[in-house]
Amino acid sequence: MKYLFFDLDGTLTDPFEGIVNSARYALTKLGVEPPSAQELKWVIGPPLHESVVKLGIPRERVSEAVEAFREYYEPTGLYQNQVYSGIDELLHDLKNRGYTLALATSKAVKYAMVVLEHFGLASYFDFVGGAELDGSRSDKGEVIEHVINSLGVTADERSACLMLGDREHDICGANKAGVKSCGVLWGYGSETELSRAGASYIVQSIDELRELLDV
């Protein structure tokens with residue numbers, strides 16, 4: 001492998017508190033009784049606009065719900081987040097081994113950059129790919145294609161790319177883009193979810209990932 005594409009939420013950082021609080025705030029603002037925090041764990045990973053629809057918000061109010069979500073998320077929820085233990089060291093070592101690292105997230109690029117900068121991870125990445133604020137390019141396959149094109153990866157080099165993420169969206173996106181994938185089990189997806197999606201590899205821990213990447 002030469003190119004490593006990392007998901008953000010549930011892979012590099014644990015955003016549970018910030019995302020769930022933002023979702024509950026948005027639902028309350030729209031006059032909807034929010035589920036418990038644990039019942040909202042599933043919103044971590046999928047594109048925001050997609051999650052809002054699955055929460056039962058009528059399509060004509062999706063933009064309103066997204067705006068309400070960001071009203072809490074931008075000043076507060078972004079920072080109710082923490083880097084998984086061992087990630088900083090992993091990225092440092094991968095960079096030193098010569099890997100090209102990119103972020104491939106369904107989160108808006110604007111917010112992804114804030115998270116990376118806030119936690120001191122931005123310098124490890126050669127490119128940050130994500131969604132636009134209007135929800136476009138939030139499909140993980142589209143994000144991965146955007147990253148591939150932006151890095152100048154050739155058709156022959158796709159076999160040297162690996163997408164790493166914790167949810168089925170990451171795996172399905174990788175399959176759509178024709179690159180290998182690695183599901184990580186310290187995030188919010190199960191082994192069953194990742195296996196059914198067609199993950200090339202599944203690792204339980206950062207130590208297992210280090211073994212896979214020989215670092």
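Some ground rules. The model is predicted, so local features need pLDDT of at least 70 and side-chain atom pairs count only at pLDDT 80 or more, while totals for chains, interfaces and linings use all residues. Residues are numbered from 1 along each chain as its sequence is written, and side-chain values use heavy atoms, with hydrogens and water left out.

Let me start inside. A nonpolar core here is a set of buried Ala, Val, Leu, Ile, Met, Phe, Trp, Tyr and Cys residues joined through side-chain atoms within 4.5 Å. Buried means under 20% relative accessible area, exposed means over 50%, and partly exposed is in between, with a 1.4 Å probe and protein chains only. The largest nonpolar core has 50 residues. Which of them have the most contacts inside it? They are L4, F6, L91, L101, L103 and F125. Helix α3, residues 62-73, gives the most to this core, with six residues. On naming: helices are DSSP runs of H or I, at least four residues, strands are runs of E, at least two, and both are numbered from the N terminus.

Contact means heavy atoms within 4.5 Å. Leaving aside neighbours within four places in sequence, L4 is in contact with L94, Y99, T100, L101, A102, L162, L164 and L213.

Now the helix pair. Take α4, residues 87-96, and α9, residues 206-213. Their axes come within 11 Å and cross at roughly 10°. The axes are lines fitted to C-alpha atoms, for helices over the stretch in contact, and angles run from 0 to 180 degrees between N-to-C directions. The two helices are therefore roughly parallel to each other. The cut-offs: under 35 degrees is roughly parallel, over 145 roughly antiparallel, 65 to 115 roughly perpendicular, and the rest oblique. Who makes the contact? From α4, I87, E89, L90, D93 and L94; from α9, I206, L209, R210 and L213. Those residues divide into six nonpolar, no polar and three charged.

Next, S106. S106 sits in strand β4, residues 100-108. Buried or exposed? S106 counts as buried, because its relative accessibility is 9%. The S106 side chain reaches the backbone oxygen of S138 at 2.8 Å. Beyond four places in sequence, S106 is in contact with G45, P47, A131, S138 and K140.

On to the loop between β5, 127-131, and α6, 140-151. D134 is found there. D134 counts as exposed, at 58% relative accessibility. The D134 side chain makes a polar contact with the side chain of S136, at 2.6 Å. A polar contact is a pair of N or O atoms within 3.5 Å; within protein, one must be able to donate a hydrogen and the other to accept it, and residues adjacent in sequence count only if both atoms are side-chain atoms. D134 and S63 are 71 residues apart along the chain, with their C-alpha atoms separated by 8.8 Å.

R137 lies in that loop between β5 and α6 too. R137 has a positive phi of about 55° although it is not a glycine. Most residues other than glycine have a negative phi. R137 is partly exposed, at 22%. D214, in the segment after α9, also has a positive phi, near 55°. D214 counts as exposed, at 52%.

Last stop, helix α1, residues 16-29. R24 lies in α1 and counts as partly exposed at 31% relative accessibility. A polar atom of the R24 side chain lies 2.9 Å from the backbone oxygen of P35. Contacts of R24 beyond four places in sequence are P34, P35, S36, A37 and L40. K29 is partly exposed, with a relative accessible area of 48%. Leaving aside neighbours within four places, K29 is in contact with A68 and E71.

One more from helix α3: E67. E67 is exposed, with a relative accessible area of 57%.

Key: Nonpolar A, V, L, I, M, F, W, Y, C, P; charged D, E, K, R; others polar.
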